[in-house]
Amino acid sequence: MAIKNIRHRCSLAQDRAQQRCHIKTGFILLLILTFLSSAIIHFSEFSVKTTVIPDTFYKNVVNQIHSYYMTIKFPFDRDNQTIFLAPAPKANQEAQQRATQISTQTTDISVHYHVAHPSNYLVILDEPDKCSQWDPFLVLMVPVAPNQVEARNAIRSTWGNESTVQGKAVLTLFVVGLTGGSDSEKAQQQLEEESRQHRDLLQSNFVDSYFNLTIKTLAIMDWLATRCPQANFSMKVDSDMYINIENLMTLLLAPNTPRQNYITGVVMRNRSVIRNKHSKWYVSEELYPEPNYPTYLLGMGYVFSNDLPEKIVEASKVIKPFNIEDAYVGVCLKHLDIAPSSPPDPSQFRIYMGQYKREDFLRVITTILGSPQQLIDIWKDVKRST
């Protein structure tokens, strides 16, 4: 009997030892899994930070979402902006068709950071009949951040208010992406109210950030191609620009200005691709392998014949996107065998002006300004009667 008790106690001791061993093993495995998960997340964030490639980074991230976008923070966003990610299109023929409504629920989400082709995004705010009502000769398309209301209002009270120049109709529209931050819902409501008031806002559900300017530019081209093919010329112009519309119209109405395959502005030639990963203008070899960009127009403001938007959108189907929007348009033009043109007087397309002189602003077509208030002040002085 004593021997049986001893054996029983030994068996219990062995069971307890095995249990302690299992618990210890499970704890170690849990630590290993935690470490691996952290490493995977860190590696994923690092890869997004350094490569920004136009492919899927994560799959099946969320089983269900109850709105048409979600927010995350990207570590490479120097302005620490909240980034909105729209559901990516399904990888089948349906993805090539323009979506007509925003889905409020999905069961399989793929996050695309930089898929530039406009068919991948949904138009949230639109003015589809604007050009049929306006019949513009020239359309000014202004990419602007959603929160830059002051810039939009300054343009509306200055060169954006020029509706008829030298007998030709001019239309100005602002292009924005999704708003960000903790008050994004309120900001979106304000945008919608601004749209109802002015009827000059276009919005798609891409991330509105510096890194997505290529997407924004292609959204501009797509809108011109599909909503405004009747215009003769269009211009992509930044929101911090001064434009002398009279001088621009004189250029476009000149008999030697082509009406097809024409694009002009500040011409950039033999520009090296920046490979420094710490640079704002970094582009990886995977995105663009050539050491130099083809000739392109500086993105601050370039004007083009309105047959080009459709051609550029078509070219973008086969040209791999990268985040330098003006250089990317240059690559599309090279693919189309279309060479950017130098303006008849290159000094009219100025990057910066020195000390303000009224006569200089009477002569130029474009230049960068420092603030919306500066635009208003200069415009008033340029337009005053002499």
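**Labels and the values behind them**

Modeller: Gladly! Tyr 288, Tyr 293, Tyr 296, Phe 322 and Tyr 328 form one aromatic cluster. This is a predicted model, in which local features need pLDDT of at least 70 and side-chain atom pairs count only at pLDDT 80 or more, while totals for chains, interfaces and linings use all residues. Residues are numbered from 1 along each chain as its sequence is written, and side-chain values use heavy atoms, with hydrogens and water left out.

Colleague: What makes Phe 322 and Tyr 328 an aromatic pair, and why is it called edge-to-face?

Modeller: Rings of Phe, Tyr and Trp (its six-membered ring) pair if their centres lie within 6.5 Å; planes under 30 degrees apart count as stacked, over 60 as edge-to-face and the rest as tilted. By this rule the count comes to 12 aromatic pairs. For Phe 322 and Tyr 328 the centres are 5.5 Å apart and the planes are at 80 degrees, so the pair is edge-to-face.

Colleague: Why is Phe 322 called buried?

Modeller: Buried means under 20% relative accessible area, exposed over 50%, and partly exposed in between, with a 1.4 Å probe and protein chains only. Phe 322 has 0%, so it is buried. Tyr 328, at 1%, is buried too.

Colleague: And why does Ser 279 count as buried?

Modeller: Its value is 18%, and the limit is under 20%, so Ser 279 counts as buried. Ser 279 sits in the loop between β13 (267-268) and β14 (296-297); helices (H or I, at least four residues) and strands (E, at least two) are DSSP runs, numbered from the N terminus. A polar atom of the Ser 279 side chain lies 3.1 Å from the backbone nitrogen of Trp 281.

Colleague: How do you know that Cys 131 and Cys 228 form a disulfide?

Modeller: A disulfide is a pair of cysteine sulfur atoms within 2.5 Å. The sulfur atoms of Cys 131 and Cys 228 are 1.9 Å apart, so they form one. The pair links distant parts of the chain, 97 residues apart: Cys 131 is in helix α2 (residues 130-134) and Cys 228 in the loop between α5 and β10 (233-237). A search of the whole structure finds one disulfide. The link is left-handed, with -90 degrees about the S-S bond.

Colleague: What makes the link between the side chains of Asp 126 and Arg 227 a polar contact?

Modeller: A polar contact is a pair of N or O atoms within 3.5 Å; within protein, one must be able to donate a hydrogen and the other to accept it, and residues adjacent in sequence count only if both atoms are side-chain atoms. The contact of Asp 126 with Arg 227 is 2.6 Å. The side chain of Asp 126 also makes a polar contact of 2.8 Å with the side chain of Trp 223. Asp 126 lies in the loop between β5 and α2.

Colleague: Which residues lie nearest the centre of the largest cavity?

Modeller: Val 123, Ser 204, Ala 219, Asp 222 and Trp 223 do, among 18 lining residues. On a 1 Å grid over the protein atoms alone, a cavity is a set of points where a 1.4 Å probe fits but cannot get out, and lining residues have an atom within 4 Å of a point. Helix α5 gives the most to this lining, with seven residues. Ala 219 is found in helix α5, and at 16% it is buried.

Terms used
1 Å grid on protein atoms, 1.4 Å probe; cavity = no way out; pocket = protein on both sides within 12 Å on 5 of 7 lines; lining within 4 Å.
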